[in-house]
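Here is a briefing on one protein chain. Look at the sequence and the structure first, then read the points below.

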Amino acid sequence: MSFFRNLSIRAKEDELMDDFSMGGEELREALQHLRRLNKIFAAPGPTLDGVEKLWISVGRPLKLSIMDVGAGSGDVNQKLLQWAKQKGIDLTITLVDLTEEACEEARLLFQNEPRVNVQRADVMKLPDVSADIVTGSQFVHHFDGQLLLDIVSHMLRVSRYGVVINDIHRHPVSYTAVWLTTRMISRNRYIRHDGPLSVAKGFTAKDWQELKQQLNHDTMTYKWKPLFRYSVVIPNHPAV
């Protein structure tokens, strides 16, 4: 992955993780290293911010189900579990991913957490209203055009209250930081290739505004969060 690239528009290349014919131990190692990156770049924050906003808007229910699609290891949900315990919320989380390697890593990470279930599935084939809130962390940047619109529409279909998206701000500072960090912490080719490319495939406020118009969803909101991420909330009810 080149250090120099044009970030004025979203990159179109596929990430290595998008090739499901690959995988195995190299992918599992990448998922482990990705958890380190998520800690360094404060990845859980935008998801927690969006979930709490949506939770408040529907009356602060004391029982809540969350489905995290494209979850990978699902590590960003650890903060949600802590938050729910502090708030006295009876929370259950289902982690959904297409790859068995991700599901295995998630099962291992949450092996002692009864509130978390792991399911290998495709979001487009999940039943309607499978959870109160559907989240996607660093997931939707894998898609563009009509497929992006379709994925988010399916996330809304699967949710009762709405969708929370946590994804990367496409910016020279975030690209440089991720390019350098991936090379300092890992020799894994998934991490070194997909990390910077994820930023290049990320979003700006203009991209979110275009998605809002395409969805025809006036109550969708997007908020910039440290470190170079967006917390996007798309409710399934009139207003947040």
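Between N-to-C directions, axis angles run from 0 to 180 degrees, and angles over 145 degrees count as roughly antiparallel. The model is predicted.

**Helix 6 and helix 7**

- Helix 6 spans residues 172-185 and helix 7 spans residues 189-200.
- The two helices pack at an angle of about 170°, and their axes lie 9 Å apart.
- Helix 6 and helix 7 are therefore roughly antiparallel to each other.
- Helix 6 makes the contact through Ser-174, Tyr-175, Val-178, Trp-179, Thr-182 and Arg-183.
- Helix 7 contributes Ile-191, Arg-192, Gly-195, Pro-196, Val-199 and Ala-200 to that contact.
- By class, the contact of helix 6 with helix 7 has 7 nonpolar, 3 polar and 2 charged residues.
- Ser-174 belongs to helix 6.
- Ser-174 counts as buried because its relative accessibility is 7%, and the cut-off for buried is under 20%.
- Leaving out residues up to four places away in sequence, Ser-174 touches His-169, Val-199 and Phe-228.

**Helix 1 and helix 4**

- Helix 4 covers residues 100-109 and packs with helix 1 at an angle of about 50°.
- The axes of helix 1 and helix 4 are 9 Å apart.
- Helix 1 and helix 4 are therefore oblique to each other.
- The crossing of helix 1 past helix 4 is right-handed.
- On the helix 1 side, the contact is made by Leu-27, Arg-28, Leu-31, Gln-32 and Arg-35.
- On the helix 4 side, the contact is made by Glu-101, Ala-102, Glu-104, Glu-105, Leu-108 and Leu-109.
- The residues of the contact of helix 1 with helix 4 divide into 5 nonpolar, 1 polar and 5 charged.
- Buried residues in helix 4 are Glu-101, Ala-102, Cys-103, Glu-105 and Ala-106.
- The cover over the buried residues of helix 4 includes helix 1, strand 2 and strand 3.

**His-33 in helix 1**

- His-33 sits in helix 1, which runs over residues 25-40.
- With 15% relative accessibility, His-33 counts as buried.
- His-33 touches Ile-185, Ser-186, Asn-188 and Ile-191, with residues up to four places away in sequence not counted.

- Helix 3 takes in residues 77-87, and its buried residues are Asn-77, Leu-80, Leu-81, Trp-83 and Ala-84.
- Exposed Lys-85 and Gln-86 are carried on the face of helix 3 turned away from its buried side.
- Gly-88 follows helix 3 and has a positive phi, near 75°.

**Leu-126, a buried loop residue**

- Leu-126 is placed in the loop between strand 3 and strand 4 (131-137).
- Its relative accessible area is 4%, so Leu-126 is buried.
- Not counting residues up to four places away in sequence, Leu-126 touches Met-67, Val-69, Val-96, Gln-119, Ala-121, Arg-157 and Val-158.
- Leu-126 and Lys-53 are 73 residues apart along the chain, and their C-alpha atoms are separated by 25 Å.

**Backbone points in loops**

- Which peptide bond is cis, with omega near -10°? The bond from Pro-226 to Leu-227 is.
- Leu-227 is in the loop between strand 6 (221-225) and strand 7 (229-235).
- Arg-60 is a residue other than glycine with a positive phi, near 55°.
- Arg-60 lies in the loop between helix 2 and strand 1.
- At 47% relative accessibility, Arg-60 counts as partly exposed.
- Asn-216 also is a residue other than glycine with a positive phi, near 55°.
- Asn-216 lies in the loop between helix 8 (205-215) and strand 6.
- Is Asn-216 buried or exposed? At 64% relative accessibility, Asn-216 counts as exposed.

Notes: Residues are numbered from 1 along each chain as its sequence is written. This is a predicted model: local features need pLDDT of at least 70, side-chain atom pairs count only at pLDDT 80 or more; totals for chains, interfaces and linings use all residues. Side-chain values use heavy atoms; hydrogens and water are left out. Helices (H or I, at least four residues) and strands (E, at least two) are DSSP runs, numbered from the N terminus. Buried means under 20% relative accessible area, exposed over 50%, partly exposed in between (1.4 Å probe, protein chains only). Contact means heavy atoms within 4.5 Å. Angles under 35 degrees count as roughly parallel, over 145 as roughly antiparallel, 65 to 115 as roughly perpendicular and the rest as oblique. A crossing is left-handed if the near helix is turned anticlockwise from the far one by less than a right angle, and right-handed if clockwise. Ala, Val, Leu, Ile, Met, Phe, Trp, Tyr, Cys and Pro count as nonpolar, Asp, Glu, Lys and Arg as charged, and the others, Gly among them, as polar.
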